[in-house]
Amino acid sequence: MNVKRWVIIFGNMKQKFALKYQWSSGSFRTYSVRGISAWQEDLTPTTKHVIEKFWANRLPETPCYDDSKPKFYVLSMFPYPSGQLHMGHVRVYTISDVMARFYRMKGKNVIHPMGWDAFGLPAENAARENNIAPSVWTYNNIDRMKNQLLRLGCSFDWNRELATCDAEYYKWTQSLFLKLHSRGMVYQREALVNWDPVDETVLADEQVDGQGRSWRSGAKVEKRWLKQWFIRSTQFAKALMEGLDDPSLIDWRDIIKLQQHWIGPCSGTTIDFDVVLGGEESVGRENRWTLTVWTEHPECLLGASFIAIRPDSDLHLLCKEKGILMKNSTSQTVGSNRPWQRLPCWAHHPITGQKLPLIALDEKCDDDDVMMDVAGFLGTHGCRLGLPGENSLDLKIAVNEGFSINSKMVDEKGCMLPSAGPDLSGLSVADARAVVCEKARALGVGGHHVSPSLKDWLISRQRYWGTPIPMVHCPNCGAVPVPPDQLPVLLPPPQPSASGGGRGVPTLNRNEQWKQTSCPQCGGSAERETDTMDTFVDSSWYFLRYLDPKNASAPFCPEKAKKFMPVDLYIGGKEHAVLHLYYARFMSHFLHSEGLLPNPEPFRRMLVQGMIMGKTYRAKKSGKYLRASDVEAQGKKVFERTTKEPVSVSWEKMSKSKGNGVEPSDMIEEHGADTTRLLVLADVAPTSHRKWMPETFPGIINWQRRLWLTMRRFRELRSSEELLPKGDHFESEEQQMWDSRNFYLKGATFNYSASHQLSVAISKMQGLSNALKR
């Protein structure tokens, strides 16, 4: 009889007590505890701590690997090293550890690593507030959190440990950036960005709340023009969308819908136009702009007469800011009788070479055609092609402005007419689209299938504590990549904050000595790029470095990736199911296209755990959050203890600011690590939210006590000289025990491997405990 699966959830007690029995040569073999005389003690927290302490340094820290066994890669999303585990951490890493232990016992060659998502703005802010370097603050936090995870009994492979702020790690993040750059997938462009004036950094749209405030500092976000670095992630939009239909993806459920919503239907393509502001071809680079136009009809690209833009588009706002809107304008201003304005700019057609004028439409006019166009056809890029042969509004604009008018380009049979261009005439619409998109891709100006809402990945951050972007700006050569043999571009020691600066450490832009360098191409004086990378770049490939963490010549070995990828089980919170998952999938698709990964999709199965919810008290009048000790109940109503003000009660995600949190260290101190792990897993499925209610604890605690007493009684009987009775009754009980064993272990195995209903697995083991006691 093999009941060794019992040790899965009990990271310490079952394994460290060695309460394991294996069927070996027809007899039981027991692994007994030596050095602790604990069996006659009650199972109190003190007893648990004594046993946990005894075994803390007596078990192998690193799991053994056996390449002859089939691989199983269990990965939990690595944490930001804030310095203190919270109950959400305890839940995700307990789930991860349970699954890793289960598959090891199933005979798998399990990889179960841990690391730290260590760059980011919080470290800068904490460094300033505590007058300490971000690196010191971060590594101190890593030490504390690692010790907490060890105390929790997690069986991570610490030989694979990494931190994204280690130079040995971000060297390869920079290397991946250069690989993307060498494939034409990185560019720098001036962009209107969300600027946090308090934290002095750029924010993604998702980091600005509905009131236009920063998600972290709470400051009112400003719009600012900055030169930013982008990764052309949209080139893989269609592949990323189609990848969601991969039949190997298991339990993605609504994660697929979130990814589909983020990517959007890839029903068109984008084309980049070089725009000259002010209408003079001889103007300097500062008056040039790249305008990205999304179109559902690339087959009509060659017949465009102009480009229409929204009055609230970035380009229109830039023209206003530069004061060039009214220069040489031949038409009415926006809002007058003519519901459009011709801008003093032109766009260079990337395929035909012709100059296309730009028109700004008025979204507040009374012209129905214009209203429909602005509302329905310009998309989030804020612009579209002007096609007089296909659109009545465009025809009206072209006639009034004297633009060239191309006739209809597609006949009733869906074939291209000569007006579409000599290369397309006679082709089907589908073939014509393919020809135009192929030309655009060859020229590096777009042509990839993408939705109108998806944009390229803006990775620039005006921070100190991040991966330096490995580029050099030369007055003669322009932007030049740092040679691979000069990586990593190391962060310099932080400089003291200037008075009146932002909350964080001064950015690299203020470090004049570090900025000065030489151009890798011409050898002349140059300056380093002072932006650092978005931390999503760091976390887009960390699961690959785990496979080969000591590799000094490459980010990872492709042969090891071929052997261990994809991740078999990825465990983490739903809050990371959009951006992190999208960027990690993008990086894997790119590396797969480079022949470095066996599969484009990095994660086979998802386990998205729910949140730990705490009972939350809030004063109804002031909205102030209160601790449980600050309130009192009177019947079914709750009041603030001192003011007697009515209090509302709800269940919300645990948070220190809401006073509804529980410290994991307090839980471990009060109940022991094993009991804490059980309490986190019991009652509800991992995917559901867990309401933290101490009144539910006795069920688990009493079960542990019953199991303890059962084992004590078992030991007493086995040490007795009395022979066990034999007979029909004995055989009947033996058969019943055998049937119970089969029933409960089959059910528990299903709950571990198929449904991930770990709370039900606990119930099954409780049933087996009762059978053993009987």
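Helices (H or I, at least four residues) and strands (E, at least two) are DSSP runs, numbered from the N terminus.

A quick word on the source. This is a predicted model, in which local features need pLDDT of at least 70 and side-chain atom pairs count only at pLDDT 80 or more, while totals for chains, interfaces and linings use all residues. Residues are numbered from 1 along each chain as its sequence is written, and side-chain values use heavy atoms, with hydrogens and water left out.

Back to β3, then. Is this strand buried or exposed? Six of the six residues of β3 (residues 71-76) are buried, so the strand is largely enclosed by the rest of the structure. Buried means under 20% relative accessible area, exposed means over 50%, and partly exposed is in between (1.4 Å probe, protein chains only). In a regular strand, side chains alternate between the two faces of the sheet. For β3, Lys71, Tyr73 and Leu75 are buried on one side, and Phe72, Val74 and Ser76 are buried on the other.

Who are its partners? Strands pair if DSSP finds at least two bridges between them. β3 runs parallel to β4 (residues 109-111), joined by three bridges, and Tyr73 stands opposite Ile111 there. Three bridges also join β3 to β24 (residues 569-573), again in parallel, with Val74 partnered by Leu569.

Now let's step back to the whole protein chain. It has 22 helices and 31 strands, and 51% of its 774 residues are buried. Contact means heavy atoms within 4.5 Å. Among contacts between residues at least 6 apart in sequence, 72% join residues at least 24 apart.

Next, please find the open sheet of four strands, ordered β8-β7-β9-β17 with antiparallel pairing. β8 (201-203) and β17 (457-458) stand at the edges with a single partner strand each, so one side of each has no neighbour in the sheet. Ten bridges join β7 (residues 186-196) to β9 (residues 222-231), and Trp195 stands opposite Glu222 in β9. Helix α9 (residues 314-322) lies across β7 and β9, at about 125° to β9. For that angle, axes are lines fitted to C-alpha atoms, for helices over the stretch in contact, and angles run from 0 to 180 degrees between N-to-C directions.

My next stop is helix α6 (residues 167-182), which has 16 residues. The expected span of a helix is 1.5 Å times one less than its number of residues. That gives 22 Å for α6, and its end C-alpha atoms are 22 Å apart, which agrees. Its buried residues include Tyr169, Trp172 and Leu180. After α6 comes Gly184, whose phi is positive, near 75°.

In the loop between β6 (157-163) and α6 you will find Cys165, which is buried with a relative accessible area of 6%. Leaving aside neighbours within four places in sequence, Cys165 has contacts that include Phe119, Tyr170 and Trp465.

Let me finish with Ala628, in the loop between β27 (625-626) and β28 (631-634). Ala628 counts as partly exposed, at 47% relative accessibility. Beyond neighbours within four places in sequence, Ala628 is in contact with Tyr617 and Arg641.
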